[in-house]
Amino acid sequence: MLIPLDTADSPGALLVPYPSMLDVPHELVEHVSWLIYARRRELKSPWRRPGCFKQALLALAHLRKNETFAQVGAGFGVSQATAWRYVDETLDVLAARAPGLHEALTGLGEGDFVIVDGTLIPTGRIAADEPYYSQKHKQHGMNVQVIARPDGTPLWFSRATPGRTHDLTAARAHGIVQACLTRQILVLADRAHQGAGATVRTPYKNHREQLDHHQQFNRDHARLRAPGERAFAQLKSWQILRRARCSTRRIGTIVQAIHTLLTCNYSG
């Protein structure tokens, strides 16, 4: 079956769908399909086409492989507009289940520690380039902060802010510093968070003649923070966040949706 695709770049082109494997558990697709079913019941439109399982699979394929809506729509036999609509609906369903900051910190308190870090979600250039260009990463994108457990399990992802936002500014704006101070939770962060004060601990600055105990502190600090990289590695295993093509306003929703996918309980 050939599917016509008319774009400015490829007028009259034909898309050829082909069988492929999606590297997500079958239980995850079923779980998302049940969430979609519940949403359809809530909207009193449970019998739409495609079915809930097919919609879940379509959305997960888009997130996992970062195929365009035209490509993923062709593979599922629906139009580009329909593919966009179903992915958008699925993202909202998943993002609504992501925990808020205070919910994520529930059960933690004095004696516990978390890892806080920031990353850039790369995007293409847009008209308002300046706020989205990160001097640190030398590319355009959106800044996202994470709070992770000592083993690297993500507890909470922040909303996305323009790429030029400094990590410390973002951490304060999202309320991370104050929330952890209130609960007396120790925060291990990198040098980008120096000056946060409160319960935030960062490495000592590099000096030519750094004291021995400062060097040992930095080594211990790096060892404890290292698992935090797993949180962003898990997040960016979903290809859509390696080079986002969507509106910058939707990146935060995508991050929240993927967080739900990373932490959802299939048996729930």
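This is a predicted model: local features need pLDDT of at least 70, side-chain atom pairs count only at pLDDT 80 or more; totals for chains, interfaces and linings use all residues.
# A tour of the helices and loops

**Stop one: helix α4.** Select residues 80–95, which form α4. The helix has 16 residues. From its first C-alpha to its last it reaches 22 Å, close to the 22 Å expected at 1.5 Å a residue. Now colour the buried positions. They are T82, A83, Y86, V87, D88, E89, T90, L91, V93, L94 and A95. As you turn the view, remember that an α-helix has 3.6 residues a turn, so residues three or four places apart point the same way.

**Stop two: α1 against α2.** Next, select residues 26–42 for α1 and residues 52–65 for α2. Two packed helices are described by the angle between their axes and the distance between the axes. How far apart are the axes of α1 and α2? They are 8 Å apart, and the helices pack at an angle of about 120°. That angle makes α1 oblique to α2. Their crossing is right-handed.

Show the side chains at this contact. On α1, pick H26, V29, E30, V32, S33, I36, Y37 and R40. On α2, pick C52, F53, Q55, A56, L57 and L60. By class, the α1 and α2 contact residues comprise 9 nonpolar, 3 polar and 2 charged.

**Stop three: α2 against α3.** The α2 side of the contact consists of K54, L57, L58, A61 and H62. The α3 side consists of F69, V72 and F76. This contact of α2 with α3 has 6 nonpolar residues, 1 polar and 1 charged. Look for L57 in particular: it is listed in the contact of α2 with α1 and in the contact of α2 with α3.

Move to T161, which is found in strand β7. T161 has 12% relative accessibility and so counts as buried. Leaving aside neighbours within four places in sequence, T161 is in contact with M142, N143 and H174.

Now select G163. This glycine lies in the loop between β7 (161–162) and α6 (167–173). Is G163 buried or exposed? G163 is buried, with a relative accessible area of 5%. Show what G163 touches, not counting residues up to four places away in sequence: L120, P131, Y132, Y133, S134, G141, M142 and N143. M142 and N143 are on this list, and T161 contacts them too.

**Stop five: K138.** K138 lies in the loop between β4 (133–134) and β5 (139–148). K138 is exposed, with a relative accessible area of 55%. Check its backbone as well: K138 has a positive phi of about 60° although it is not a glycine.

**Last stop: Q184.** Finish at Q184, in the loop between α7 (176–182) and β8 (186–188). What is the phi of Q184 near? Phi is near 55°, a positive value in a residue other than glycine. Q184 is partly exposed, with a relative accessible area of 40%.

Conventions:
Residues are numbered from 1 along each chain as its sequence is written. Side-chain values use heavy atoms; hydrogens and water are left out. Axes are lines fitted to C-alpha atoms, for helices over the stretch in contact, and angles run from 0 to 180 degrees between N-to-C directions. Helices (H or I, at least four residues) and strands (E, at least two) are DSSP runs, numbered from the N terminus. Angles under 35 degrees count as roughly parallel, over 145 as roughly antiparallel, 65 to 115 as roughly perpendicular and the rest as oblique. A crossing is left-handed if the near helix is turned anticlockwise from the far one by less than a right angle, and right-handed if clockwise. Contact means heavy atoms within 4.5 Å. Ala, Val, Leu, Ile, Met, Phe, Trp, Tyr, Cys and Pro count as nonpolar, Asp, Glu, Lys and Arg as charged, and the others, Gly among them, as polar. The expected span of a helix is 1.5 Å times one less than its number of residues. Buried means under 20% relative accessible area, exposed over 50%, partly exposed in between (1.4 Å probe, protein chains only).
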